[in-house]
Amino acid sequence: MQNRFDIYFSGEVLEGRDSQEVKAAVGKLSRLSGARLDTLFSGQTRRIKKDLNVEQAGHFREVFRKAGAAVQIVPAGQKPPVAPAGKSTATQPEPPSGLKLAPIGAELNTEPREVENDTVAQSPQPGTRSYRPRPRRQAPS
């Protein structure tokens, strides 16, 4: 089964970008203008693409990001998460697996972890039980 995704847009402009320039760029991408383009930037979350595969969804996100707009990618058929007032989930939606990404610029723990056993995992060597050499192919007679 291949994962499918829907893309939602609520008019969110990425930080540091001019809203009018972003609106014009999104209008050009979507071939919309006037009232229809204003509807996209109304703040109401709308599905703008449906049933995309991973590559298509990633491409769509990148195109909108370059235009200065943030989209939400959610599994097909599901509604996007509702963002509390003042907080956006469009730039970092929660992945379906429950894993979360660290915020941009966050300090990550780079200290090595201490482990009980100080041995390094190695590939099985000849002479150990888990080593099984591949059978040699014999040349046809």
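A residue counts as buried under 20% relative accessible area, as exposed over 50%, and as partly exposed in between. Asp38, at 39% relative accessibility, is therefore partly exposed. This structure is a predicted model.

**Confidence**

The protein chain has a mean pLDDT of 75. Of its residues, 65% reach 70 or more. Residues 84–94 stay under 50 in pLDDT. For that stretch the model has 18 contacts beyond four places in sequence.

**The sheet**

Three strands form an open sheet in the order β2-β1-β3. Their pairing is antiparallel. β2 and β3 (69–75) stand at the edges, each with a single partner strand, so one side of each has no neighbour in the sheet. From one strand to the next, the twist averages 25°. Four bridges join β1 and β2 in the antiparallel sense. Within this pairing, Tyr8 stands opposite Arg47 in β2. Helix α3 packs on the sheet and touches β1, β2 and β3. The direction of α3 makes about 160° with that of β3.

**Salt bridges**

Side chains of opposite charge can pair when their charged atoms come close. The structure holds four salt bridges. Among them are these:

| Pair | Closest N to O distance |
|---|---|
| Arg65 and Glu62 | 2.5 Å |

Asp6 lies in strand β1 (residues 5–13) and Arg47 in strand β2 (residues 46–52), so the pair ties together parts 41 residues apart in sequence. Asp6 is buried, at 3% relative accessibility. Arg47 is partly exposed, with a relative accessible area of 45%.

Arg65 forms a salt bridge with Glu62. Both residues belong to helix α3 (residues 54–67). Because they are three residues apart there, about one helical turn separates them. Arg65 is partly exposed, at 41% relative accessibility. Glu62 is partly exposed too, with a relative accessible area of 32%.

**Where the parts meet**

Definitions and conventions:
Residues numbered from 1 in each chain as written. Predicted model: local features only at pLDDT ≥ 70, side-chain atom pairs only at ≥ 80, totals over all residues. Heavy atoms only, no water. pLDDT = per-residue confidence, 0-100. Contact = heavy atoms within 4.5 Å. Salt bridge = Lys/Arg side-chain N within 4 Å of Asp/Glu carboxyl O. Helix = DSSP H or I, 4+ residues; strand = E, 2+ residues; numbered from the N terminus. Buried < 20%, exposed > 50% of the residue type's maximum accessible area, 1.4 Å probe, protein only. Pairing = 2+ DSSP bridges. Axes fitted to C-alpha atoms, helices over the stretch in contact; angles between N-to-C directions.
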